Each structure stands twice: as structure tokens, then as C-alpha cells.
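Please walk through this protein model with the text below as a guide, keeping the sequence and the structure side by side.

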Amino acid sequence: MKKTEDEVRDLAKHLLGFDSLTSKNVIYGVGQITTFNSLDSKFAGISDKPDGWYLPYNSNDVAVILEFKSSDKDLNNQSIIDELIKNITITQKKYKKVVGILYNSEMAIIYKNIDRYSEDNTLKNINYYIHLFDENNIDTQLIYNITKRINDSLHIDFGIKNLYHRMIFTACALVAKRYGASLYKGMNYTTFHSSICSTLKSSLTTDRKQNQKIDILLEVYNEIKMNQTENQEAIDKFLDNISIISNNLDSQYWNGEDVMGIFFNEFSRYKKKSESGQVFTPDHITSFMYRLIGCTKNDIVLDATCGSGAFLVKAMSNMINEIGGEFNEESNLIKTTHLYGIEFDREIFALACANMLIHKDGKTNLEQLDTRTEEACQWIREKPITKVLMNPPYERKYGCMKIVANVLNNVSVGTKCAFILPEKKLEKDNGAKLLKKHKLTTIIKMPDNLFNAGVTTSIYVFEAGIEQGNQQIVGYYIQEDGLETVKNQGRQDIKNKWHNIEDYWINAIQTGEDNRFKTKQIINPAQHLSYQMPEKPFEISEEDFIKTLMDYEIFKQGINIKEFQDKLINNVMYVGDVDNSGNEITIDLGKNDENGY
């Protein structure tokens, strides 16, 4: 139904949050008769009338100017755009950072100063727009460096030998800092430990109503023992380092980067993989898989072997970005009802809880269960899961294929499920059984060096509850992801190549047109359940040909190859006549011996 300009204006006022805004440091509103001249003395003599305005008293802050049109108006009409640009230019007389918005209830076009920035199908809360000029201050290199210092200090200065205890101790300190713990240089260990403990207790009070097992985080923290607690200098350095990381985690520009994944990667350098078969999923792969199976803010995402929670953190961030940021009312709904995780290992479950707490959420539905059991299956059945993102433990002893089967068997029919698995896993472990109930649609072979553990992997995309039948599988091969190995810091996207690579492959897989790398292949599930690397063409060099002939001749004559080699060397080096006259040295091996050598 068509909306008039007045109706659009009233709707915009509500969506922007103007009807509930209480700030005293800004002039804001919508209307038809308010002139720039009446809004601020900087606009003296200017009678133009914006349709909406958000003008902070501080000229260094971000200003927002809006133009509204009826729903049947085309916002890409040049005269409408010119009208907004004119008002942005006027606003720039006072403000260096101006967001301009065109809105007609069907579409919003956003400008940063006079440059077109983006378009959306809805209008977001005003806080989303005033943060568009924020810069990325998540310094991953700094976090790597600081985390190494923390790890070394906890290991050497405090004597925490258990790898996961070092991780959990640091994670709990970050959670406490996130929730306002008083941590300051000079405090002794007892006060320091108690402050973290009491903050954890109070911060978990509300979340306990939804997730009682989140108390495991506090329990594990209290179990950690230290050999040395009297080193005040070490305590002060630890607190300094925690503050630095915490400031980075609180960045307004946080975009789902699993900074705790960086943190865990540093601690885990000392092991090839955890004692629970854990391989932490790289951040760029969580982003890729979220897009691969078409996840949106409306989905309910499950990771039934969630590890540190990387998939859930990424999904939470992407969903919140889709609704306009943390300031939108829907963000709390996403945190409480859209993300579900299972983790069996008690200590890693505690890490997952800490990760979600640090990343602006403590209410995610995490459960400490064994996905191989009926109890976990029933838990999954009771949840309205619409998408699955998982990187299960690969080894048979941890029940990899049983975990995959249990997830597929207990989500709703048609649910898209993406699993990272060793590339031959389905073929080696009778994965064909899965196809009697579930359809494998896509196999994407990943770069061989994706994981430090040396295992080569593929992403397997299933549709649960739909028999494979005669339907073929589509395969692709992402040979390079653009990441490079940094000494002692794992693989990183130091040249920012992955963004374009990800965009290419998402488009190629969705359209079926891999025009650049030409890796697409159709896989017959009756023959293969993995991406098939093309066989290298047969080649033979002249040297190989001669060697083969000589080997055959030696075999025919019954010559002992070792004796032949020894005598050949002795003849060349010690028996032959040497002529060093002239400019060259000539070696004459002489006559064959009685054996024909």
C-alpha cells in the first residue's frame, strides 16, 4: 500500500528512535517547516528545510540529515538526490562528518558526506548511522603480541602448566573486565582473584536463567592452581595486558572477528591439536560458510561441536549487522533465541561461554552435552534449527561420523548443514549411508594448508531429510585463500586478499559459474564422495628413459647393482689412468674386468 510522505516521515521517526531519544547534547527531529537557519547559528540566512535532522552540539561529532519521499517515488531520481546533496553541503558548514539519508519506506539510500555509501530496504536506529564514520581499531597484530606475553607469563611467572587453564584464566579476566571488574596495578593476587570471581558471579546471574551450565565457567576458574602468586611485577604486567586486549575487544567496529580465536591460536601453538580432537576454525572460514549456505538474521544457527564458539560469534555479528547494529531492539532477540551450541569437553565449554560473554553476549544457548548421545539428539530436536555450521572433531575415536549423522537426523527436513571434514572422510568411513536419508549437494575442497595440523579438508553441504537418489554433487576447489604464515602467529590475511576471494567463490558457487579458476566438477555419488583432483598428464624425460633402459639391461644380465655401483666409483676415482697434460684432465677407465664391468 502506498505511503504518503507524511506517513513515511512518521515511520522514520519511530525507526530512527527519535520518539524515545533522551540525549541533551543534540538537536533532532523531523518535519516540513523547520529551516536550517532556525536549527543553528552556523546556518544563518539559510532557509532550506531538511525533512529530518540530528545535529550534535559538538561539531566534531557525526550529523545526520534526512529527506523523505512517498513510497511511490524513485529515490534514484537525480533531482531527489541533488536535493539531499544540497542539504548535506549546507550541513558541512559546521560538521566534517555528515550522513545523508533518502527514505521512502521501501528503500533507504545512504551517503557519507557527498559520497554514496550504501542502500538498504529499511531504516535503522540513529546510532547505526552515527557510527558509520568509526574506524577499525581492532589491532590483531597487537593482540597476538600481547597474548604471547600473557601466555609466557602465566606459564613461567605463575607456573600454570595446563594449557587450557592458562586460556581459561585469561578468558575469565577478560570477561570480568568486560563486566566492570575493578582490576588495577598494585592489587595483590588474593584481591585480584576475588575481584574476578565476584564479577563472574554477578555477571552470570541474569544469564543463568537461560543457561544454568554457564556456571561451569566459574567452577573451572576456581579449580585453576598456581605455583607462584607473590610476584607483584608479574601481576601488574598481566593486568596491563588484559586492559589492552579488552580495549580492542570493546571496539565499536567489531565485525564478528573471533579475536578470542587469535587468542586461542597463540595458546594452542604448543600443541598440534587438543586432547579433545579440537581444531579451531579460522575466522575467514566461519564468514565464508555463513554466506555459503545463505544464513540471515532470520535463521536459527546450530553448532553441535562448537569449540570456542567461532561459528556462533560470527553468526551473531553478521545477524546484528543486518538489523542495524547493537542499538537495534532485535539484537537482544538474536542473542537469546538465534544461536545454539553444544560442546562436550568441560574446559572448552567454559571457553565457549567466556567467548560469548566477551563478545557482547552471555545468553547464547550453550549446552555441555555429547552429540553422540540420545540426550543431545533430543536437545537438538527441541530447537527450531534452520541452519547448521560445524567443524566436528575428525578422528573416529571421537565419533566424527556419528556426530554428523546425529545432527542430520535430528534437524528439520530441508535444513542446510555445512560441515568441515577431512576430504576423504565420507569415502573412508562409509559416508554413503548418510545419502539414504540426506542429500549432499556441494563439496568444496579447501586449501591444503588451511589447518596447521596438516589435514586436508573440504566443506560438505547437506540438505537434511532429503534422499540423495540419482542427484549429482557439485564440487569446487579453492586452492588459495590469500593468507600467509607469520612466524609464531599462524596464517593471517596480511595483504587483505581474502575479502575479494570470498566474494568470488560465493558468487561462483551460487551461480554455478567458476569462470576464473574453472574447478567446477560434477561428482557422481555412486562413484565418489570427495572432490576429484585431475590426474597429471604422463610425462617422461630422456634421463628417465635412459635410466629405465639401463635398469632393465642390468636386470637381464643378473648384475648385482650394489657391487656394480661400488666398482664403478672405484674405477672412476682410483683405477683409471689420469692424464693431466694440456688444459683438461682425462680419466681412462681401461679394460673391462672378468665380469664385464
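The model is predicted, so local features need pLDDT of at least 70 and side-chain atom pairs count only at pLDDT 80 or more, while totals for chains, interfaces and linings use all residues. Residues are numbered from 1 along each chain as its sequence is written, and side-chain values use heavy atoms, with hydrogens and water left out.

Nine strands make up an open sheet of mixed pairing, in the order S9-S8-S7-S10-S11-S13-S12-S14-S17; strands here are DSSP runs (E, at least two residues) and helices are runs of H or I with at least four, both numbered from the N terminus. Two strands pair if DSSP finds at least two bridges between them. At the edges stand strand S9 (365–367) and S17, each of which pairs on one side only. Within the sheet, strand S12 (residues 439–445) and strand S14 (residues 473–477) pair in the parallel sense over four bridges, and Thr442 stands opposite Val474 in S14.

Ser458 lies in strand S13 (residues 457–463). Is Ser458 buried or exposed? With a relative accessible area of 0%, Ser458 is buried, a word that means under 20%, whereas exposed means over 50% and partly exposed lies in between (1.4 Å probe, protein chains only).

Ile540, by contrast, counts as exposed because its relative accessibility is 51%, and its place is in the loop between strand S17 (521–523) and helix H19 (542–556).
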